[in-house]
Amino acid sequence: MRLIVHVGANKTGSTAVQRFLALNITALRAEGIIVPGGDFRVAEEVEGAHVLGFQKLLENPPEGRRRLEEAVTGIEEAHTGASAILLSAENLAANPAAPSLFEGLVERYDVRVVMYIRRQDEYILSSWQQWHSKIQADFWAWVVSVVGELGDWRAYLQNWETVVPRERITVRLYERPKLEGGDVIADFHGLLGVSRPFDEFAYPQNTVNPSFSDAITELVSGNDLIFENVHDNDFYRFVKKMTGDRYVRDPRVSPITLRQRQAILSKYKAQNDWVRRNYFPRATGDLFTPPKEGDYHYVSREEMDREKLEFIVTVLYQMYKHEKFAT
């Protein structure tokens, strides 16, 4: 039996893939693929994600390994006709202890690891907005502390290779032209090897896990009166409720310049070349499509400040309207 482990990485469409899995649990079972619930038990409704389950297992890796092996064995025994078990958790790609959870399973199952990776300048910006801006106030101080290490795909892959043979690890580039159908969900479907065409599966209709404007992020970064920790998303739910999609981040708008992006990427050249040679041996040139002039609209300080002020006024007025119509 195959054990398919989608390890992320973070900010590479993992939430969209997991929403797809949740919507299509019955169709996937008909194809012989079992997607258990977040606690690794089979259920009629699942979220498609196992992030919290793995987070608990990683608190004590030796015990977590034993518990994961028991869970996988239980699924196999309950579904003898299945051909694969599928787990998805984006917190596995970079965690140094994550591969150890699968040491015993590799000996018993055809373990297949799927990792999506993206260009590091985009990965760093997305990681800042999603997590680190909630506890750090200075963007560039944080970038200096993580550049060259955060998003080091070579290091992440070499860590997985200590447990899972390289030939059982699939790496996909999170760039629309390089994804099957230009879509991460369609691309992941293609990796599953199912007979049912993609257009016969249910597709998530709404924006999944949106990022918000860099002006909004900068306005509240490092504010411990707003964020309790890196996983606290209440403020952004508030933004969504008050302003809808008005301040959802446009991927073509950039808070950093082309030269700054190029400087960040230069810190990863050796690592990216290693990934290209070992996982894309037929490819030439750079692993990722390099950024160029015209790819982005670079936001000036004046534009950023103007958007901050517009946001504050908009939220205040929306709060007034909510109170007015509630009375």
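Biologist: Helices α1 and α9 cross in a right-handed way. What makes a crossing right-handed or left-handed?

Modeller: Look at which way the near helix is turned from the far one, by less than a right angle: clockwise is right-handed, anticlockwise is left-handed. The crossing of α1 and α9 falls in the right-handed class. Before we go on, please note that this is a predicted model, in which local features need pLDDT of at least 70 and side-chain atom pairs count only at pLDDT 80 or more, while totals for chains, interfaces and linings use all residues. Residues are numbered from 1 along each chain as its sequence is written, and side-chain values use heavy atoms, with hydrogens and water left out.

Biologist: Why is α1 called oblique to α9?

Modeller: Axes are lines fitted to C-alpha atoms, for helices over the stretch in contact, and angles run from 0 to 180 degrees between N-to-C directions. Under 35 degrees is roughly parallel, over 145 roughly antiparallel, 65 to 115 roughly perpendicular, and the rest oblique. The angle of about 60 degrees therefore leaves α1 oblique to α9.

Biologist: Which residues of α1 and α9 meet?

Modeller: Ala16, Val17, Phe20 and Leu21 of α1 meet Val184, Ile185, Phe188 and His189 of α9, where contact means heavy atoms within 4.5 Å. By class, that contact has 7 nonpolar residues, 1 polar and no charged. Ala, Val, Leu, Ile, Met, Phe, Trp, Tyr, Cys and Pro count as nonpolar, Asp, Glu, Lys and Arg as charged, and the others, Gly among them, as polar.

Biologist: What covers the buried residues of α1?

Modeller: The cover includes β1 (2–6), α2 (25–30), β3 (84–88) and α9. The buried residues in α1 are Ser14, Ala16, Val17, Gln18, Phe20 and Leu21.

Biologist: How are α6 and α12 oriented to each other?

Modeller: Helix α6 (residues 120–130) packs on helix α12 (residues 258–266) at about 105 degrees, with the axes 8 Å apart. They are therefore roughly perpendicular. Gln120, Asp121, Glu122, Ile124 and Leu125 in α6 meet Arg261, Ile264 and Leu265 in α12. This contact divides into 4 nonpolar, 1 polar and 3 charged residues.

Biologist: What links Arg118, Arg119, Asp121, Glu122 and Arg261?

Modeller: A network of salt bridges links these residues. A salt bridge is a side-chain nitrogen of Lys or Arg within 4 Å of a carboxyl oxygen of Asp or Glu. By that rule the count is 26 salt bridges.

Biologist: What makes the pair of aspartate 234 and arginine 237 a salt bridge?

Modeller: Their closest N and O atoms are 2.4 Å apart, and the limit is the one just given, so the pair qualifies. Both residues lie in helix α11 (residues 234–243), 3 residues apart, about one turn of the helix. Arginine 41 and aspartate 39 also form a salt bridge, at 2.9 Å from N to O. So do arginine 112 and aspartate 110, at 2.8 Å.

Biologist: Is arginine 41 buried or exposed?

Modeller: Buried means under 20% relative accessible area, exposed over 50%, and partly exposed in between (1.4 Å probe, protein chains only). Arginine 41 has 58%, so it counts as exposed.

Biologist: Is glutamine 271 buried or exposed?

Modeller: Its relative accessible area is 9%, so glutamine 271 is buried. Glutamine 271 sits in helix α13 (residues 269–279). Leaving aside neighbours within four places in sequence, glutamine 271 is in contact with Gly148, Asp152 and Arg154.

Biologist: And where does serine 221 lie?

Modeller: Serine 221 is in the loop between α10 (214–220) and α11. At 16% relative accessibility, serine 221 counts as buried. Not counting residues up to four places away in sequence, serine 221 touches Trp128, Ser133, Gln136 and Ala137.

Terms used
Helix = DSSP H or I, 4+ residues; strand = E, 2+ residues; numbered from the N terminus.
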